[in-house]
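Have the sequence and the 3D view at hand as we go.

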Amino acid sequence: TGGTVYSTPDVSEGKVVIGSSDRRIYCLDTDHGRLLWKKQTGAPVVAAATIRDGVVYIGGSDGVFRALDLMTGTVKWEFKNVGGFIETKPLVYQDKVIFGAWDTYLYALSLKDGSLLWKWTNGNAGVLYSPAACWPVAANGKVFIVAPDRFITAIDAETAKTVWRSNQHQVRECVGISEDGKRIYARCMTDTVIAFSSSASSPEMVWVTNCGYGYDIDPSMPVEREGEVYFGTKNGLICALDAHSGVILWKHRVGVTIVSTPAPLANHRVIVSDLDGRISLLEEKH
């Protein structure tokens, strides 16, 4: 591309979609890397893409959130009223696409036409407290986010009413969900990972684990696959926890700098990348 790539790709139907700081969104063939289409935007694209049912959902830094046809790149709809840039990976849940932006708001748009269904704010006027870096997750009719205001929040997906909020633990921008949707994972700013019940009407902890990673605000989302939860830290550490108990299974250092959100594979393998440009495939020893 014509600029640095910060965007996290998504893959579907033999196609990979990525944003670039050259103000374009690209779609490549996964087998050969052949360019299939590209879409010009008005500002650098640092947000992650989410592909669902042949549609690419991706935000921009130009105040526009787009739905593009996966096959052609044709615009299906655009929402042009975002007040800040978007860096998150949007969540597709029920009939909505949900994302935060650096304008203090969490948005829910109609999958059908991109119309605004609701937007939610945590009440802080400062944009640096926006729920913008975390990748929202949802289960049991609730959307879960964390933000620099150090709250984890459960929001009713239909009404946008706050179901519960807690700052009992110093969370920041790292949130994830179990494969069965029963547990919400939040990584704290110092040492600790917490699993919350997704079905409870108040903050109910399932387990709490001190992982010993120290002070850390790297927005590397915890991701579960095959009963293990993986996350990275700002100093190159990768951790794997048992998803049901929170027991630490292993730690491995791949470098000395920020690790992005892991991409777990089958058979307890995980791909991780870091800010030094290193991509690593880790495999659990038996």
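A salt bridge here is a side-chain nitrogen of Lys or Arg within 4 Å of a carboxyl oxygen of Asp or Glu. This is a predicted model, in which local features need pLDDT of at least 70 and side-chain atom pairs count only at pLDDT 80 or more, while totals for chains, interfaces and linings use all residues. Residues are numbered from 1 along each chain as its sequence is written, and side-chain values use heavy atoms, with hydrogens and water left out.

The structure holds 13 salt bridges. Which residues are linked in a network of salt bridges? They are D62, R66, E78 and K80.

Let's look inside that network. R66 and E78 form a salt bridge, with their closest N and O atoms 3.6 Å apart. This pair links distant parts of the chain: R66 lies in strand β7 (residues 65-69) and E78 in strand β8 (residues 75-79), twelve residues apart. Strands are DSSP runs of E with at least two residues, numbered from the N terminus.

How accessible are the partners? Buried means under 20% relative accessible area, exposed over 50%, and partly exposed in between (1.4 Å probe, protein chains only). R66 is buried at 5%, whereas E78 is partly exposed at 29%.

Two further pairs are worth a visit. D95 and K96 meet in a salt bridge at 2.8 Å, N to O; D95 is partly exposed at 42%, and K96 is buried at 2%. R172 and E173 also form a salt bridge, at 3.6 Å from N to O. There, R172 is partly exposed at 21%, while E173 is buried at 8%.

Conventions: Helices (H or I, at least four residues) and strands (E, at least two) are DSSP runs, numbered from the N terminus.
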